[in-house]
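Here is a short briefing on one protein model and its ligand. Please read the points below alongside the structure.

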Amino acid sequence: MKYIIGNWKMNQNAKIIDNFIKSFKKNKVNNVKFGLAVPYVYIEKIKKKLGKTCLVGAENCSEYSSGAYTGEVSAEMLADFNIDFCLVGHSERRTIFAETDEQINEKIKQLIKNKITPLFCIGETLKEYENKETKKVIKKQIEKGLKGINASELNNLIIAYEPVWAIGTGKTADAKTINNITEYIKNLLLKMYGENSKSIKVLYGGSVNSENASNLLTDLVDGALVGGASLNAEKFINIGRNV
Ligand code: PGA
């Protein structure tokens, strides 16, 4: 079964979401687990309307437990809404908001403490890709992001391999590369966590749509993290239908 997880980023509004919910509910796709990472303010609404058919997650959380951090939302608060997962370390957070591997590690620890599945995003920049540093970069991101987290704490961890140069650009890594990198990530996790690592899902993200999904998601790849093509219910559902 493949996971098809949408990431709405800072898009949609209440009216668009109502229409999305109506179309999404009409469709049934077997053998696919859909999920949506949505802005905090819409979590409750989406959870109520789609919670049975779709995993519902947040796009970020604070690295702190509580306190004087104006504008932040803690993992404990998110747990109050029974969210199924939370994105962490998305490349837009790393680049635009200068999030470091150390902060990402703290966020993952907060999520685990609050029994929320972290959907941990990793991936190389275009420069790193051109310098053939992909494996080196993602190894560092994984080791630093998961530092201090032991095998019994993985809490259904999901990893999304998203080359930064493929996000929102219409360019994707090719199927062979995605397969190779997924294999590399799974082997690395096996070395770190032994048999427990087998519960970790590894997704691909970066310009996935209903046309390219079946080609990009080989057997080894557990699913996709989808930005742009998750904003429209039909397009999103079609990805699930085609994989
Ligand atoms: P995209 O975004 O599908 O629009 O490339 C993917 C993501 O940001 O997770």
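**Two loop residues with positive phi**

Lys9 sits in the loop between β1 and α1 (14-26). The model is predicted. Lys9 has a phi near 55°, a positive value in a residue other than glycine. Most residues other than glycine have a negative phi. Lys9 is also among the residues that come nearest to the ligand.

- Ser207 lies in the loop between β7 and α9 (213-216).
- The phi of Ser207 is near 60°, again positive in a residue other than glycine.
- Ser207, like Lys9, is listed with the residues nearest the ligand.

**The ligand site**

- The ligand has 13 residues around it.
- Lys9, His90, Glu162, Gly168 and Ser207 come nearest.
- By class, the shell around the ligand holds 4 nonpolar, 7 polar and 2 charged residues.

**Polar contacts and cover**

- The side chain of Glu162 places an N or O atom 2.6 Å from an oxygen atom of the ligand.
- For Gly168, a polar backbone atom is 2.6 Å from a ligand oxygen.
- For Gly227, a polar backbone atom is 2.8 Å from a ligand oxygen.
- On its own, the ligand has 280 Å² of accessible area, and the protein covers 94% of that.

**The barrel**

- How many strands close into the barrel, and in what order? There are 8, in the order β1-β2-β3-β4-β5-β6-β7-β8.
- The pairing in this barrel is parallel.
- Neighbouring strands of the sheet are turned against each other by 25° on average, direction ignored.
- Helix α8 (residues 175-193) packs on the sheet.
- α8 touches β5 (117-122), β6 (158-161) and β7 (201-205).
- The direction of α8 makes about 150° with that of β7.

**Where β1 meets β8**

- Strand β1 spans residues 2-7, and strand β8 spans residues 223-226.
- The two strands run parallel and are joined by 4 bridges.
- Which residue of β8 is the bridge partner of Gly6? The partner is Val226.

Notes
Residues are numbered from 1 along each chain as its sequence is written. This is a predicted model: local features need pLDDT of at least 70, side-chain atom pairs count only at pLDDT 80 or more; totals for chains, interfaces and linings use all residues. Side-chain values use heavy atoms; hydrogens and water are left out. A residue is near a molecule or strand if one of its heavy atoms lies within 4 Å of it. A polar contact is a pair of N or O atoms within 3.5 Å; within protein, one must be able to donate a hydrogen and the other to accept it, and residues adjacent in sequence count only if both atoms are side-chain atoms. Accessible areas come from the Shrake-Rupley method with a 1.4 Å probe; for residues, only the protein chains shown count as cover. Ala, Val, Leu, Ile, Met, Phe, Trp, Tyr, Cys and Pro count as nonpolar, Asp, Glu, Lys and Arg as charged, and the others, Gly among them, as polar. Two strands pair if DSSP finds at least two bridges between them. Axes are lines fitted to C-alpha atoms, for helices over the stretch in contact, and angles run from 0 to 180 degrees between N-to-C directions. Contact means heavy atoms within 4.5 Å.
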